[in-house]
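Please view the structure first.

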Amino acid sequence: SSAASDVYKRQVLDHRVLRAVERHFQDRGTPMPVISTQQALVPQGAKVLYNPVGTAPGLFFSSGEKLLFLLPGVPVEMKSIFEEAVIPVVKEAVGEKRGAYQRTIRTTGASESLIAQRLSNVLKKAKRAQLAFLPLPTGVDLRIAVSAGYERLAQKEIRTLEEEICRELGELVYAKDGETLEQVIGCLLTMKRLTISVAESCTGGLIADRITDVPGSSDYFLGGVVSYADELKEKSLKVKKKTLKEYGAVSSQTALEMAQGVRKSLKSDIGLSATGVAGPTGGSPEIPVGLVYVALSNGKENLY
């Protein structure tokens with residue numbers, strides 16, 4: 001800047017820097033050369049950033065909203081001055097922290113493309129905030145990020161976009177940031193004082209595994225039945241032989257009877273079931289690999 005170039009023409013002796021230079025030579029037991037006095041000459045008008053690990057100081061100029069720092073080239077000295085002097089000056093000048101800020105909204109029950117379509121108008125109104133779509137086996141995570149800016153303003157932008165997304169997606173949103181789907185479900189079951197049991201065919205116990213990953217799940221999870229064989233579906237879950245013969249093991253009817261059967265057998269408030277073709281073999285044109293039926297029974301209504 002012009003202010004910095006003007007002060008460079010006029011140098012003054014900084015006695016604190018001079019004493020540091022003198023101590024440096026005294027510690028080494030050698031006389032200080034006269035030329036070393038030049039290390040204590042600093043531009044008039046500059047703020048001296050004293051060097052805690054060396055002799056060469058850093059310098060700081062300001063011109064309007066511009067900040068100019070000059071630091072010694074020795075890495076350890078530059079780093080020390082930067083951490084102890086430069087960062088505090090910058091923080092004081094801008095008034096707030098600057099950096100990258102983000103928040104994650106977790107959704108389930110809709111594809112990435114469907115969510116993007118529903119949020120098209122919301123995204124048009126976003127300013128500096130950006131939205132990333134992160135598909136997962138449990139759903140789609142939406143990560144809101146402001147890459148730089150004042151913290152207060154950045155967080156305000158994130159909150160505004162977050163509220164609009166949640167309002168638009170409604171019940172598709174199940175959590176924010178680090179909460180998992182099984183943690184949220186466990187919390188809801190605990191709050192409502194309900195118990196759950198599961199009947200699994202194609203998932204082979206994975207649903208029960210996810211549920212019991214949550215500490216304290218024994219308060220609401222009673223157990224499960226893994227029933228690959230049709231005989232076990234009949235015997236343990238009371239699925240009707242007629243249902244299996246008429247509709248097959250992979251059907252909404254069988255899934256529903258599995259959910260009802262495990263709920264009654266384990267005497268839980270809710271019964272959850274899954275039956276399907278996990279693959280990579282076993283599929284057919286009528287029942288392709290990947291087809292899965294999920295059912296839920298609570299004694300009052302059945303969902304599948």
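The largest nonpolar core has 19 residues, and those touching the most other members are Ile115, Leu119, Leu142, Ile144, Ile165 and Leu169. Such a core is a set of buried Ala, Val, Leu, Ile, Met, Phe, Trp, Tyr and Cys residues joined through side-chain atoms within 4.5 Å, where buried means under 20% relative accessible area, exposed over 50% and partly exposed in between (1.4 Å probe, protein chains only). This is a predicted model: local features need pLDDT of at least 70, side-chain atom pairs count only at pLDDT 80 or more, and totals for chains, interfaces and linings use all residues. Residues are numbered from 1 along each chain as its sequence is written, and side-chain values use heavy atoms, with hydrogens and water left out.

- The most residues, five, come from α6.
- Beyond its neighbours within four places in sequence, Ile165 is in contact (heavy atoms within 4.5 Å) with Ile105, Leu119, Val122, Leu131, Leu142 and Ile144.

**Sheet**
- Four strands form an open sheet in the order β7-β8-β6-β9, with antiparallel pairing; strands pair if DSSP finds at least two bridges between them.
- β7 (130–136) and β9 (173–176) are at the edges with a single partner strand each, so one side of each has no neighbour in the sheet.
- From one strand to the next, the twist averages 25°.
- Antiparallel β7 and β8 are joined by seven bridges; Leu134 has Asp141 in β8 as its bridge partner.

**Helix on sheet**
- α6 lies across β6, β7, β8 and β9 and runs at about 10° to β6; axes are lines fitted to C-alpha atoms, for helices over the stretch in contact, and angles run from 0 to 180 degrees between N-to-C directions.

Definitions and conventions:
Helices (H or I, at least four residues) and strands (E, at least two) are DSSP runs, numbered from the N terminus.
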